[in-house]
Amino acid sequence: MDSLLARQDLGEQAAPALALAIDWLKAHKAAPEAQFVFHPLLARKDLGEQAASALALAIDWLKAHQEAPEARFVFNPLLARQDLGEHETAVMALAINWLEIFKKDIKALFVLDRLLERGDLDGYEMKVNDIAIAWLEAFPGYTKAYEVFGCLLSRIQLDAQGQRLVLAALAWLKKKSGKLKTKVVLTKLLWLSMLSDSDWITVANSALLVLRKHKNIDHRDLIFALLLTRPGLLGKSNSDWLMARVEYRLWDPPLSSPDSARLHEALARLKGAT
């Protein structure tokens, strides 16, 4: 049934297929193997009148399998849905409880990234942030951690959580120095006014290494602009290299660069301050 529900070409057969899946789940709602039906079912956009039943059944299943690693396959599509409605509080509480158990399991990313993508974490944000940071600290060298860093660094506050996150990000960058995947983390960190000069230099050096190794990197102009916010910390060699690239970039800009205006502004501010 899982392969049937994963199909996007069911057409007029979609309604009877969904009804069949719901009936099966009602008859096997506590069965561990129901996860294989929930996963493709909850990922569908055409549940229609079956959505309420699917959500209620999924929540009942999760309550019965709160300590099951396989619950991630149900949480993942469930947390991606925007129609949780009255079930939202229950889903969020179940997801957080599950993550508390598995926050040091690398597979928790399957749930954590979906939870962090949601814009309705009011009342849960501090708890979710704490779990996410604990997960990052447990896996300091995991490449896909950039997805979690990207979400957290966009909204973290200057507090104990923020300091822990910055330390985790710096440790991750040290292990991934020069890798293209570090771009998201580098950019977010360079935005932070909370970074000390010494930490900023560490991030800037990593950014310069990425720029040198990957000449066609997306949002290159944004990284240039962010590096121009503290040019006096770069050292003469790095500063000269950066200014030469910036001047050339502005003289012969790419056909499409959403960040070129930001780069112009950063350079104008720098020249105005000297």
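**Close-up views of a predicted helical model**

**View 1. The largest cavity and its lining.** L62, H65, Q66, A71, F75, L94, N97 and W98 line the largest cavity (on a 1 Å grid over the protein atoms alone, a cavity is a set of points where a 1.4 Å probe fits but cannot get out, and lining residues have an atom within 4 Å of a point). The model is predicted: local features need pLDDT of at least 70 and side-chain atom pairs pLDDT 80 or more, whereas totals for chains, interfaces and linings use all residues. Residues are numbered from 1 along each chain as its sequence is written, and side-chain values use heavy atoms, with hydrogens and water left out. The volume of the largest cavity is about 40 Å³, taken as the space filled by probe spheres set on grid points that are joined across faces, edges and corners. A search of the whole structure finds one cavity of 30 Å³ or more. Helix α6 gives the most to this lining, with three residues.

View 2. The protein has 15 helices and zero strands (DSSP runs numbered from the N terminus, helices being H or I of at least four residues and strands E of at least two). Helix α6 covers residues 88-102, and its 15 residues should span 21 Å at 1.5 Å a residue, which agrees with the 21 Å between its end C-alpha atoms; the expected span is 1.5 Å times one less than the number of residues. Its buried residues are V91, M92, L94, A95, I96, W98, L99 and F102 (buried is under 20% relative accessible area, exposed over 50%, partly exposed in between, with a 1.4 Å probe and protein chains only). What covers them includes α4 (51-64), α5 (72-79), α7 (109-117) and α8 (125-138).

View 3. F75, W98 and F102 form one aromatic cluster. Rings of Phe, Tyr and Trp (its six-membered ring) pair if their centres lie within 6.5 Å, and planes under 30 degrees apart count as stacked, over 60 as edge-to-face and the rest as tilted. Seven aromatic pairs are found in the whole structure. One of them, F75 with W98, is tilted, at 6.0 Å centre to centre and 55 degrees between the planes. F75 lies in helix α5 and W98 in helix α6, so this pair ties together parts that are 23 residues apart in sequence. F75 counts as buried at 2% relative accessibility, and W98 is buried with a relative accessible area of 2%.

View 4. The buried residues are Q35, V37, F38, P40, L41 and L42. E33 is placed in the loop between α2 (14-27) and α3; at 41% relative accessibility, E33 counts as partly exposed. E33 and E70 are 37 residues apart in sequence, and their C-alpha atoms are 9.4 Å apart in space.

**View 5. The largest pocket.** About 190 Å³ of space lies in the largest pocket (a pocket is an open set of grid points with protein on both sides within 12 Å along at least five of seven lines). Ten residues line this pocket, and the closest to its centre are K215, R220, F224, R245 and Y248. The elements that give two or more residues to the lining are α13 (220-227) and α14 (236-251). The largest share, five residues, comes from α14.

Conventions: Contact = heavy atoms within 4.5 Å.
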